[in-house]
Amino acid sequence: MPTYNLTVNGIPQSVEVAEDTPLLWVLRDHLNLVGTKFGCGIAQCGACTVHMDGNAVRSCSLPISLLDGKEITTIEGLSDNGDHPVQLAWKEMDVPQCGYCQAGQIMTATAFLNKNPSPDEAEIKSAMHGNICRCAAYVRIHKAVALAASKIG
C-alpha cells in the first residue's frame with residue numbers, strides 16, 4: 001500500500017492505506033481521532049466535516065490519494081481546551097441535543113467565519129444549510145454562529 005503524508009492538527013503524519021481510503025477512516029481508524037463522525041457516507045449530511053487547508057470538506061468521501069501534503073484540522077485540533085469562539089458560542093446557546101452532528105456543524109461554522117467574520121442571518125443560513133441536524137436544532141445553531149461572529153468580528 002502507498003504511504004501518504006499529511007499534517008493533522010499541526011502534527012505531520014504518515015499513513016499507509018489503500019489509495020481510495022476515505023479521510024474519515026484514516027482519521028478514526030489510523031490516527032485515533034474519533035471526534036469526526038460518520039453520518040451518511042455520501043457527503044450529504046456534514047457530520048464528517050473537517051478542514052482541508054482551511055476549507056470545510058466532507059471527509060467521508062475524500063480519498064486519501066488526494067490529500068498527500070495537505071493540512072487537515074479536525075474538531076480535536078480546533079482548540080486545546082474547547083475554547084474556540086464557536087465552541088464557546090455553542091455552549092452559551094446550549095446548542096447540542098444528541099450531539100452527533102455537532103463536530104461537523106462547528107467545523108463548517110468555523111471555516112465559514114474565517115472567511116466571513118461578520119455575516120448576516122441569510123449568509124449564516126446559507127453557509128450552514130448543508131449540515132443536517134437530526135434533532136432540528138437549527139435555530140440555536142444559527143444563533144450560535146451569529147454569537148460567535150459577534151465575538152470574532
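How many helices and strands does the chain have? This predicted model contains six helices and five strands. Read from the N terminus, the elements follow the order β-β-α-β-β-β-α-α-α-α-α.

**Overall dimensions and surface**

- The chain has 153 residues, for which a compact globule would have a radius of gyration near 15 Å; the value for the chain is 15 Å, so the two agree.
- The C-alpha trace extends over about 45 × 30 × 25 Å along its principal axes.
- Buried residues make up 44% of the 153 residues of the chain.
- The accessible surface amounts to about 7,500 Å², and carbon and sulfur atoms account for 51% of that area.
- When contacts between residues at least 6 apart in sequence are considered, 56% of them connect residues at least 24 apart.
- There are 11 positive and 15 negative side chains, and a distance of 10 Å separates the centres of the two sets.

- After helix 1 comes N32, which has a positive phi near 55 degrees.
- N32 is a residue other than glycine with a positive phi, and its place is in the loop between helix 1 and strand 3.
- The relative accessibility of N32 is 62%; because the threshold for exposed is over 50%, N32 counts as exposed.

**Strand 3 and its two partners**

- Strand 3 is covered on both faces, with T49 and H51 buried on one side and V50 and M52 buried on the other.
- Strand 3 runs antiparallel to strand 4 (residues 55-58), and four bridges join them.
- Strand 3 also pairs with strand 5 in the antiparallel sense, here over two bridges.
- M52 takes part in both pairings: its bridge partner in strand 4 is N55, and its bridge partner in strand 5 is I72.

**The hairpin turn**

- Two residues lie between strand 3 and strand 4, which together form a hairpin.
- D53 is in the turn of this hairpin and has a positive phi of about 50 degrees; D53 is a residue other than glycine.
- The loop that holds D53 is the one between strand 3 and strand 4.

**T73 in strand 5**

- T73 belongs to strand 5.
- With a relative accessibility of 19%, T73 counts as buried because the criterion is under 20%.
- Apart from residues up to four places away in sequence, T73 touches N9, V50, H51, L78 and M107.
- Two of these contacts, V50 and H51, are among the buried residues of strand 3.

- Beyond neighbours within four places in sequence, the contacts of A47 are K37, G39, Y100 and G104.
- A47 and G35 are twelve residues apart along the chain, and their C-alpha atoms are separated by 10.0 Å.

Key: Residues are numbered from 1 along each chain as its sequence is written. This is a predicted model: local features need pLDDT of at least 70, side-chain atom pairs count only at pLDDT 80 or more; totals for chains, interfaces and linings use all residues. Side-chain values use heavy atoms; hydrogens and water are left out. The radius of gyration is taken over C-alpha atoms; the globule rule is 2.2 Å times the number of residues to the power 0.38. Buried means under 20% relative accessible area, exposed over 50%, partly exposed in between (1.4 Å probe, protein chains only). Contact means heavy atoms within 4.5 Å. Accessible areas come from the Shrake-Rupley method with a 1.4 Å probe; for residues, only the protein chains shown count as cover. Lys and Arg count as positive and Asp and Glu as negative; His and the chain ends are not counted. The place of a charge is taken as NZ of Lys, CZ of Arg, CG of Asp or CD of Glu. Two strands pair if DSSP finds at least two bridges between them.
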